Amino acid sequence: MAAPFNEDLSSYTHQFAATAARANRLALENAESVFGMQLKTFEKNINAAAGFLGQFAEIRDIGAYQTLLPQGWKIVRDNLDRLASANHEAVDLSLKTGEAIGQLARKEMEAASDRFQSAAVKAARATRGR
C-alpha cells in the first residue's frame, strides 16, 4: 500500500521541481534582459555626458558657455527620457514574466487537481467494490 503512495509522491515531487526550475529560468532570463537593457541605457547616457563635458572643457570664452548651456539641458533631458523609457520597458518585461510564471503555476495546479480527483474517484470505486 505504501509503494503506490511513494511512487505518486515521487512523481509529484519531480514534477514540482521541474516546474520550479522552469519558473526560476524565466525569472533569471527576465533579470538578465532587464540588467542588459539598463546597462545599455547607462552606457548611452555616460557617452552623451562625456561628449558634452569634452566640449565644455574646450571652451575658452564666456560667450561660448552661454551657447553650450542649452545643449547641456537637452542632453540632460534626453538622458532622463532614455532612463524613463528603459525603466518602463523593464516593468513591462517583469510583468510579462510574472504572468508567464503565474500561467505555469496555474497549469501545474490544475493538472495536480485533476490527478488528485481521478485518484480519489479510483479509490472510491475500489472501496465500493469491496
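Leu80 is exposed, with a relative accessible area of 53%; here exposed means over 50% relative accessible area, buried under 20%, and partly exposed in between (1.4 Å probe, protein chains only). The structure is a predicted model, in which local features need pLDDT of at least 70, side-chain atom pairs count only at pLDDT 80 or more, and totals for chains, interfaces and linings use all residues. Residues are numbered from 1 along each chain as its sequence is written, and side-chain values use heavy atoms, with hydrogens and water left out.

Leu80 belongs to helix α2, residues 62–129. Together with Leu69, Trp73, Val76 and Leu83, Leu80 forms a nonpolar patch on the surface, and the accessible area of these residues is about 510 Å² together. Such a patch is made of residues with over 30% relative accessible area and no salt bridge, with nonpolar side chains (Val, Leu, Ile, Met, Phe, Trp, Tyr) joined within 5 Å and like charges within 9 Å. The areas come from the Shrake-Rupley method with a 1.4 Å probe, and for residues only the protein chains shown count as cover.

The overall form of the chain may be considered next. The protein chain has two helices and zero strands, where helices (H or I, at least four residues) and strands (E, at least two) are DSSP runs numbered from the N terminus. Its radius of gyration is 29 Å, well over the 14 Å that the globule rule gives for 130 residues, so the chain is more spread out than a compact globule. This radius is taken over C-alpha atoms, and the rule is 2.2 Å times the number of residues to the power 0.38. Along its principal axes, the C-alpha trace spans about 105 × 20 × 10 Å. Of the 130 residues, 15% count as buried.

Among contacts with a separation of 6 or more, 80% are between residues 24 or more positions apart; a contact means heavy atoms within 4.5 Å. Asn30, in helix α1, is buried at 14% relative accessibility. Leaving aside neighbours within four places in sequence, Asn30 is in contact with Leu93, Ser94 and Thr97.

Asn45 also lies in helix α1 and is buried, with a relative accessible area of 13%. Beyond residues up to four places away in sequence, Asn45 touches Asn79, Arg82 and Leu83. Its side chain makes a polar contact with the side chain of Arg82 at 2.8 Å, and a polar atom of that Asn45 side chain lies 3.4 Å from the backbone oxygen of Asn79. A polar contact is a pair of N or O atoms within 3.5 Å; within protein, one must be able to donate a hydrogen and the other to accept it, and residues adjacent in sequence count only if both atoms are side-chain atoms.

Charged side chains complete the picture. The whole structure holds three salt bridges, each defined as a side-chain nitrogen of Lys or Arg within 4 Å of a carboxyl oxygen of Asp or Glu. One of them joins Glu108 and Arg22 (3.4 Å, N to O). This pair links distant parts of the chain, with Glu108 in helix α2 and Arg22 in helix α1, 86 residues apart. Glu108 is buried at 15% relative accessibility, whereas Arg22 is partly exposed at 31%. Glu29 forms a salt bridge with Arg25; being four residues apart in helix α1, these two are separated by about one helical turn. Asp78 forms a salt bridge with Lys74, the closest N and O atoms being 2.8 Å apart.
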